[in-house]
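Subject: Structure for you

Hi,

Here is the structure I promised. Please open it first, then read my notes below.

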Amino acid sequence: MAVKSLDPEVYLRGDNPLGWALAVRMRRGRMGRPALVLQSLARITRAGLSDMKKVLLLNCVKMYGKLNRAEEAQMQAMMETEEYRDVREVELTWSEQLESKGEKKGQRKAVLDLCEAFDIPLTAAQSDRIANMELDELESLRAHLKRHRAWPR
């Protein structure tokens with residue numbers, strides 16, 4: 001039986017976390033697409049799952065439950081209610097974490113590229129330090145390297 005022919009409400013009421021995430025791929029039935037995605041997000045958010053499992057399931061919903069602009073606006077309006085406050089907080093945290101992770105990765109690469117371009121050899125300690133820096137530290141180090149073409153003292 002194809003996932004698209006299944007009833008999402010049955011899976012959202014069930015206790016299978018993967019069923020909650022895949023519900024966004026099932027037939028809509030009485031639920032509109034924005035409500036279906038929001039219900040999936042809510043079910044996952046409120047479950048007593050590990051953070052890793054939640055991230056994987058939320059990623060599944062994001063991948064398979066893509067909404068067009070109008071649908072996204074509808075879902076955002078629904079999330080503004082007190083009933084979905086927890087979902088709103090997780091949604092913000094999740095997207096901010098992904099964005100921050102991407103920015104850090106980009107800044108780390110830029111710092112390492114500058115060190116290579118300016119023939120600045122890095123010790124193991126300096127490499128470890130770069131790997132563990134926060135975004136603001138990486139930005140500051142990058143600016144210093146561009147100005148001085150040397151590792152800060």
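The chain exposes about 10,000 Å², and 52% of that comes from carbon and sulfur atoms. Areas are Shrake-Rupley values with a 1.4 Å probe; for residues, only the protein chains shown count as cover.

Two words on the source. This is a predicted model: local features need pLDDT of at least 70, side-chain atom pairs count only at pLDDT 80 or more, and totals for chains, interfaces and linings use all residues. Numbering starts from 1 along each chain as its sequence is written, and side-chain values use heavy atoms, with hydrogens and water left out.

Fold. The chain has eight helices and zero strands. These are DSSP runs, numbered from the N terminus: helices are H or I, at least four residues; strands are E, at least two.

Shape. The radius of gyration, over C-alpha atoms, is 22 Å. A compact globule of 153 residues would come near 15 Å, by the rule of 2.2 Å times the number of residues to the power 0.38. The C-alpha box is roughly 65 × 30 × 25 Å along the principal axes.

Packing. Cys60 is buried because its relative accessibility is 14%. Cys115 is buried too, at 2%.

The structure holds zero; the test is a pair of cysteine sulfur atoms within 2.5 Å.

Best wishes

Notes. Buried < 20%, exposed > 50% of the residue type's maximum accessible area, 1.4 Å probe, protein only.
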